Amino acid sequence: GVLRAQLQQQGFDVVELEVTKLGFSGARIERLHFFDTRYLVKLQGMEARYQPARLLAGMADTIEVQQLDVTQLAADVSTDTRLPGPGVLAGLLGLAWHEFLPAHTLQIHRFALYDENQALTLSARGDIRRTEQRLRGELILVDRAQRTHRLSLRTDSSTGIGLELHTADALQDPPLSVNVQRLQEREGMQGQLHVDLGVLGELLSIPGELSGELKGQMDYSELQDSSAHALSVHAGVSNFRYAGLEVEQSSFALTAGVEENAAGYQLELADASAVTVHSLSYENMQLDSLVLTMPDALQLSKRGGLAFGPRSQAALKLAGLKLDGVAVSALEAREIGFTASHDPAAGVECAVTMQLAGGEVLQQEARISYAPVNLEGTCALDDAARWDIAIETSSLSYEDTEVRVVLDDCRATAGNRTAGETVDEDPLELGGEGQCGASSVGSDFNALYRLH
């Protein structure tokens with residue numbers, strides 16, 4: 001009755017509870033099934049051994065579980081999130097986590113995790129031990145290909161939390177390493193991350209060949225005499241390969257002040273905040289470099305949306321773009337504005353505005369030159385991807401070995417939907433129309449097109 005009441009207080013419904021032994025030195029629960037809106041938990045063969053005097057203090061000697069199955073149910077549609085402050089997170093790191101384990105040793109012989117389609121995603125076995133003021137744990141994980149991985153966990157109220165994943169090759173560096181520590185000089189936390197994406201893909205049963213290395217570090221702390229928080233994140237991925245996409249090197253840098261407001265969170269970003277990519281290729285596309293300079297300010301909503309205006313200093317530079325025989329030596333976008341909203345029922349909707357600097361496109365012996373281009377676009381992501389864009393430029397010219405055409409005041413639309421109706425389910429199947437004044441030939445130019 002006590003266990004059932006405690007689970008119900010935590011928001012769980014208890015379906016089945018069968019206690020087969022209850023004595024002065026031990027207890028056994030043969031079956032315990034309970035669930036909430038997110039998970040169904042089935043526990044079989046849990047046995048606790050204890051001494052009466054220690055049990056009165058809430059401590060058992062050992063807890064042993066034969067089988068623990070967790071099944072993910074339909075996700076909660078509520079997506080409102082709140083970013084905890086640095087003080088809260090630092091306080092969590094400083095907790096005496098060993099006091100949450102009501103036994104010196106917890107041993108699980110078989111743990112299985114199933115997705116919402118009842119497919120097995122992970123199985124494991126392991127134990128967690130309480131020693132003095134620390135917790136030490138080890139799990140043996142088995143992926144869908146029956147490869148084994150050893151996951152070790154440590155918690156310490158003074159040094160933080162550490163997590164490492166080891167493979168069968170003892171000489172190899174841990175393919176997953178996570179360390180989080182409480183800052184000493186100010187209220188906050190810092191962390192480091194190292195991931196071998198190939199091993200992680202095997203463990204999570206990600207389809208296709210995934211490889212690469214991810215390294216990152218972060219710092220999140222309170223600012224003196226301010227309600228804002230300081231956030232710094234730096235990460236890099238090298239030799240990334242997945243589903244035909246190859247990236248030699250990419251990096252992410254963000255330094256910002258974060259302050260909560262009625263709509264969510266306002267971020268004031270430093271000038272060095274940017275995303276960079278070097279040497280990207282995908283099927284018949286190649287790109288030498290990409291640099292996305294982040295806006296100096298952006299707004300995040302608690303439902304996952306974001307927005308920044310066209311005067312926010314966000315900019316995009318591409319160099320060395322080649323696609324199907326088309327070459328663009330340089331492309332620069334500025335005055336970028338972007339909004340994205342997320343609704344669990346309607347999916348994601350976005351809108352973007354930008355101005356492309358004037359430039360040229362080469363295709364074999366043909367050259368297309370253009371004046372600055374204004375671009376507006378929208379997208380929707382729910383059951384399918386739908387998008388459309390509208391562009392305009394004051395001048396557009398085409399030149400090859402035989403002809404030269406100069407077009408003025410050009411406007412065009414493109415996308416895979418027209419008047420709200422999807423043109424094709426394939427997001428790369430697009431249609432549209434364009435119109436220009438053709439000064440070099442003395443007449444207007446109109447075109448309808450459908451491309452793939």
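## Salt bridges and burial

At 19% relative accessibility, Asp61 counts as buried (buried is under 20% relative accessible area, exposed over 50%, partly exposed in between, with a 1.4 Å probe and protein chains only). The model is predicted: local features need pLDDT of at least 70, side-chain atom pairs count only at pLDDT 80 or more, and totals for chains, interfaces and linings use all residues. Residues are numbered from 1 along each chain as its sequence is written, and side-chain values use heavy atoms, leaving out hydrogens and water.

Asp61 pairs with Arg54 in a salt bridge (a side-chain nitrogen of Lys or Arg within 4 Å of a carboxyl oxygen of Asp or Glu). Arg54 is partly exposed, at 38%. The whole structure holds 18 salt bridges, among them these:

| Salt bridge | N to O distance |
|---|---|
| Arg54 and Asp61 | 2.9 Å |
| Arg186 and Asp219 | 3.0 Å |
| Glu64 and Arg49 | 3.3 Å |

The side chains of Arg186 and Asp219 meet in a salt bridge. This pair links distant parts of the chain, 33 residues apart: Arg186 lies in the loop between strand E10 (176-182) and strand E11 (188-196), and Asp219 in strand E12 (residues 210-222). Strands (E, at least two residues) are DSSP runs, numbered from the N terminus. Arg186 is partly exposed at 32% relative accessibility, while Asp219 is buried at 18%. Elsewhere, salt bridges with shared partners join Arg28, Glu30, Glu47, Arg49 and Glu64 into one network.

Definitions and conventions: Helix = DSSP H or I, 4+ residues; strand = E, 2+ residues; numbered from the N terminus.
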